[in-house]
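This briefing is for a reader who is new to the structure shown below. It covers chain-level figures and then some local backbone features.

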Amino acid sequence: MAALASKLSDQDQMSDQTPQQDDDRADMAVPSRRQLLMGGAAAASAIVSIRPALANTAASVLNCTIPVPDPAKGNVHINPSGQLVPAGTPGAFPGTGRSFTGEQVKQAMRGRPLPGTSYGQNQAYMNYIRRLQSGTSGFTCYASLQMPR
Amino acid sequence: MTTANYYRAEPQEALVMRPLADIVLLYHRPSGRTHMVVSPVPEILDALQRDGGGTAISIHARLARDFDLGPPDEALAEIAAHLAELADLGLAYLK
Amino acid sequence: MTHAISLRIGPATFRVGSAWPGPLRDLARLYADYPAPLDAIADYTVRLELAGWARRWVRPSIFITGDHGLADAAPMSLAHGLLAAEMGMNLQMALGWRRHLLLHASSVEKDGRVLVMTGESGSGKSTLAAQLGERGWRLMGDEFALLDLHSGDIFAFPRLISLKNRAIDVIAGDVPASRLGPMLRGTAKGDIRHLVPRADAVARMDEGAPPALLLFPRFGHAVDVRPVAQGETFMRLTQASTNYVALGEPGFAALTRFVTHVPACAIDFPSGDEAIALVEQLWAEAL
């Protein structure tokens, strides 16, 4: 890994800092700029596309699958491939109930990391979201749930 | 894929970007498709749009001003992979 | 069609035709207090036809069709005509409605704000909505919540509530017989009995209201409450919508607005009473 810059480099970042982040910066010996890429590993997809609806045909109704509910019970974490695992499983990231303020998100977009998140955590979460898409959007097997077979 | 492939950006008005608390939503008007994205995709799209397009090399140079990208070879390969995926989805155009 | 009835449920109107009068008699009785359609032209047509008479070895059965049909859907037994009519109307909405973003969710309103509950069949969203509807909440729907594309309000589609299996016993004892449909045994989803929403829910079915809380209920587990992040909520709601993609950018804008304004929680519960307690607690916190 390349040596990380040790001085603040960006005027924009200086002016946007909140008091909390000034404290954080004082504690950290290190990075002034947010790490954007994984470094060393193959690029994982950072995009989950909402799939278009199947054509509203009889065949699509009969072939669609019904999603299986999450087994989530209590404290769960997400492993890198997006599966829910018990909290404390090595390599897994904290669960999905994260929420950040709009302000925090805006700052993340400008290059400051969301508190407590990392590249790996984002990837795990994306894989989790990807797995939620069992059917196709726009026709969610509604009819097949209702129609007797 | 090579790091010298030039990708043309979608025009500003073609993409609607809405950050949520944890991911960014993207609506692509020409295709009507919705995409959920996380870093580094929003940053790469932003860099593409600022110049109207770019290669992995030019995007890398732009992003390196604001972010720590790690070893250049790996970073270039990663950015090239993301650009290729964007092109597959019609969110950028390989010239 | 020999027999037909016109119905209005929320903003949608239906003309339900049937080859025989039985199902329509049930519909007429149960929807008696619903306002009549405002104009003569129905949004959707549902037709119940008889199949199987021609072949002696096939039991006579109902074939549902209408504006949006599913030719290969399995026919239903004659005794389930009322269910067939309800399913036919649901199907028309699911496949054809474009005036709102349709969410496969139940919804109830209190003090001018709406609680939306979404999940798969068996999650408890219908039963919970029915129970809340008997406990001071206004039932807006047990199957579809309509999200207004401009205002972000939720609008009602208060069809007859489908009580299934155990839920029938839980609720049927507390309501007058005049609000209950016939017991339909042995359907694809077990026993079903329809419940007419309370009078005020029917009278106010044109009143929308802003959503204040989204819940993902899960019946049959120990009590648990988990916040659900916005990205996950968005994905789950696209899966729970029958027309998100078809609506294009207005659908995107409406769903994004919903997800960024409405907190979301997953709740697990072993019984209706515990569910109701969780709902009331989370509702107080959300407002």
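In chain C, 68% of the contacts between residues at least 6 apart in sequence join residues at least 24 apart. The model is predicted. Buried residues account for 52% of the 287 residues in chain C.

**Overall form of chain C**
- Chain C contains nine helices and 16 strands.
- The radius of gyration of chain C is 19 Å, close to the 19 Å that the globule rule gives for 287 residues, so chain C is as compact as a globular protein of that length.
- The C-alpha trace of chain C spans about 60 × 40 × 35 Å along its principal axes.

**Positive phi angles in chain C**
- Most residues other than glycine have a negative phi.
- C:Asp111 is not a glycine, yet its phi is positive, at about 50 degrees.
- C:Asp111 sits in the loop between strand S6 (100–110) and strand S7 (113–118) of chain C.
- C:Asp111 counts as exposed because it has 11 C-beta neighbours inside 10 Å, and the cut-off for exposed is 12 or fewer.
- C:Asn165, also not a glycine, has a positive phi of about 50 degrees.
- C:Asn165 belongs to the loop between strand S11 (161–164) and helix H4 (166–172) of chain C.
- C:Asn165 is partly exposed because 14 other C-beta atoms lie within 10 Å.

**A cis peptide bond in chain B**
- Most peptide bonds are trans.
- The bond joining B:Ser39 and B:Pro40 is cis, with omega about 10 degrees.
- B:Pro40 is in the loop between strand S4 (33–37) and helix H1 (41–51) of chain B.

Conventions
Residues are numbered from 1 along each chain as its sequence is written. Chains are lettered from A and ligands numbered from 1 in the order in which they are written. This is a predicted model: local features need pLDDT of at least 70, side-chain atom pairs count only at pLDDT 80 or more; totals for chains, interfaces and linings use all residues. Helices (H or I, at least four residues) and strands (E, at least two) are DSSP runs, numbered from the N terminus. A residue is buried if 20 or more other C-beta atoms lie within 10 Å of its own, exposed if 12 or fewer, and partly exposed in between; C-beta atoms are placed from the backbone. The radius of gyration is taken over C-alpha atoms; the globule rule is 2.2 Å times the number of residues to the power 0.38. Two residues are in contact if their C-beta atoms, placed from the backbone, lie within 7 Å.
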